[in-house]
Amino acid sequence: MMGGMGGRTLDERYEVLEKIGDGGMAVVYRARDLLERRIVAVKILRQEHLSDEDFIRRFRREAEASLRLHHPHLVEFYDVNAASEPYYLVMEYVDGVNLQQLISGEQLSYERILYIALQIIDGLSYAHANKIVHRDIKPQNILVASDDTVKITDFGIAVLVTTSTLVNTRNVIGSVHYLSPEQAKGEPITEQSDLYSLGVVLYEMISGVVPFQGDSPVAIIMKHTQEEPLPLSEWRPDIPAALEDVVITLLAKDPRNRYRHALDVRDDLEQVIEELPELEESSLLRRLRRFTRNDSANQLEKRLSNQLLRWLLTFSLLACLIGGALYGAWELLIPKRQTASMPNVVGMHIQAGLEKLQETGFLGVISEEVYDSRIPEGQIIRQDMQPGLNSFTGSEVGLVVSLGKETFPFPNVVGQSEQQANLVLSAKKLLITPKMEHSATVPENIVMQQIPEANTMLAEGAEVTLIISSGPQRVQMPLVLGMSFDDARKVLEQLELLPAVDTPKIRADAAYSPGAITAQLPQAGEMVAKNSRVELWTNPTQGEVELVITFDSEPALQVIRVEVDDQSIVEPSRVVYEQSFPANSLPRRLNIPVEPPAVIRVYRNGVLIHMETR
């Protein structure tokens with residue numbers, strides 16, 4: 001199934017375009033969502049796993065976990081089919097590279113490392129808050145767009161965290177270079193397992209290598225559980241000490257010595273940013289705070305919580321007393337205003353929404369207009385007063401209205417190569433349909449025409465057509481050797497080909513009759529463009545020389561060569577006949593076409609045996 005997905009449409013909606021990723025569990029394709037008119041990524045479970053109940057459960061678990069997550073730094077999931085074959089997930093298509101490719105290509109600056117790391121942390125923090133542990137954080141699962149926006153993907157082995165303790169099976173899941181010690185030992189897996197993997201990723205972003213390497217997976221796992229990594233300062237002596245401290249804490253063997261939450265890591269990284277480049281004085285202090293935090297955090301948290309609770313109760317009691325007094329005064333002194341249930345106008349056209357609000361006693365006002373590729377122009381996206389609640393009539397209701405898809409002028413790509421045009425238009429997120437046409441004037445693979453015309457206003461996801469030159473129409477060169485010049489011309493004209501000149505050149509060849517075509521260029525069988533000119537040569541027509549060749553008893557093999565010098569010969573002399581014969585062969589009679597005046601020479605094994613003139 002995997003090899004032949006190109007061109008297939010899933011559930012009459014997702015048109016599969018090309019394979020873009022290949023993992024042990026599934027294959028990822030770039031596809032076109034025909035309903036939403038956008039490019040998406042479709043992850044399809046491998047055929048060989050369809051009979052594996054464990055894999056099916058994991059795939060359904062990924063669907064359940066992924067569809068719950070909506071965050072700027074997590075790949076967005078749009079749709080899932082986990083009920084029947086083929087099982088697939090539909091997700092956001094990210095046009096960029098993975099973090100592994102970024103690390104391999106260059107040494108990252110500290111500013112860039114921190115910018116990427118903070119986005120990873122924000123995505124992880126959101127997932128953890130939703131009780132989801134990723135369990136396979138590694139650079140290959142972190143996508144980086146051209147503007148360095150980060151998206152975490154592949155929650156294929158994520159699990160839903162319950163209040164009970166999670167215990168991994170003895171199957172080692174994830175890539176061993178990024179595996180936490182507790183994962184390697186089969187111990188309980190928590191959010192801090194992801195933070196350990198994040199520490200490995202940070203180590204690799206800074207140094208360019210993973211902290212632990214070995215000849216086998218088992219050797220690498222042993223180093224994760226028993227050895228300390230080489231200090232980052234050995235790789236980059238200029239590393240801020242506070243940043244190295246963060247990585248050391250993330251890579252602690254015991255989860256109790258790591259950060260407790262992703263946001264704790266963010267706090268320290270923000271401190272690193274604030275103190276660049278003078279980090280030495282505060283580095284030790286922050287390290288000591290982290291070492292002592294686990295011992296004192298619970299007691300401090302409890303004290304603060306009790307104090308806060310007492311303040312809240314006191315404040316609430318005072319607020320109730322004051323509020324009751326004010327309410328009584330209000331009821332006595334101020335006339336009672338009418339209320340009505342706030343209608344829901346989200347999803348309605350602005351005109352209909354304004355009318356509905358007016359009918360129920362409210363005043364709708366447009367507070368903001370925004371572009372949105374998913375919501376039609378004029379449709380209400382949000383209202384600032386919650387539907388269903390009683391509100392005072394006459395109140396203004398702020399409405400956010402869609403301007404639809406943002407439009408831009410269609411770039412002019414006529415004259416560009418097909419590859420260049422695709423790069424330009426793909427960046428605009430346009431859906432391109434190429435159409436090949438022959439052209440005698442436009443080179444092959446060059447855009448001849450674009451539909452619609454350049455500068456037409458388009459929106460993201462619009463369909464455009466490019467007319468691409470496939471070069472001139474070609475035909476197969478026929479064989480015209482041995483034909484008369486007139487017959488050869490007729491054959492060529494039927495194929496829309498022409499002789500190069502009206503009077504052919506002369507090239508004598510004893511294999512053909514006088515006046516016959518003896519040579520052609522291009523050769524028979526070659527593909528040539530229509531209306532091409534064909535070079536033709538013919539035998540002389542003025543006369544022939546009859547030669548009788550005899551053979552001796554020695555040597556055993558005798559090579560006969562005939563050379564001619566006449567007016568048809570451009571070179572000093574031309575070999576018009578050459579053939580090998582055994583000794584004592586019967587005499588051979590040859591008719592040699594010539595254009596007098598001519599000199600004919602006959603050689604046997606390179607020795608001149610006959611010469612005559614005409």
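Two strands count as paired here if DSSP finds at least two bridges between them. The strands themselves are DSSP runs (E, at least two residues), while helices are runs of H or I with at least four residues, and both are numbered from the N terminus. The model is a predicted one, so to speak of local features a pLDDT of at least 70 is needed, side-chain atom pairs count only at pLDDT 80 or more, and totals for chains, interfaces and linings use all residues. Residues are numbered from 1 along each chain as its sequence is written, and side-chain values use heavy atoms, with hydrogens and water left out.

Strand β24 (residues 505-506) runs parallel to β27, and 2 bridges hold the pairing. Within this pair, Ile506 has Thr538 of β27 as its bridge partner. Strand β23 (residues 498-499) is also parallel to β27 (residues 533-538), again with 2 bridges, and here Pro499 sits opposite Val534.

Next comes an open sheet of 6 strands, laid out in the order β1-β2-β3-β4-β6-β5 with antiparallel pairing. The edges belong to β1 (9-10) and β5 (77-81); each has a single partner strand, so one side of each is left without a neighbour in the sheet. Further in, β2 (residues 14-22) and β3 (residues 26-33) run antiparallel and are joined by 7 bridges. Glu18 finds its bridge partner in Arg30 of β3.

Another open sheet is built from 3 strands, ordered β13-β16-β14, and its pairing is mixed. β13 (363-370) and β14 (380-383) are the edge strands, each with a single partner, so one side of each has no neighbour in the sheet. From one strand to the next, the twist averages 30° (angles run from 0 to 180 degrees between N-to-C directions, with axes taken as lines fitted to C-alpha atoms, for helices over the stretch in contact). The parallel pair of β13 and β16 (residues 396-402) is joined by 7 bridges, with Val370 standing opposite Ser402 of β16. Helix α11 (residues 350-359) packs on this sheet and touches β13, β14 and β16, where contact means heavy atoms within 4.5 Å. The direction of α11 makes about 170° with that of β16.
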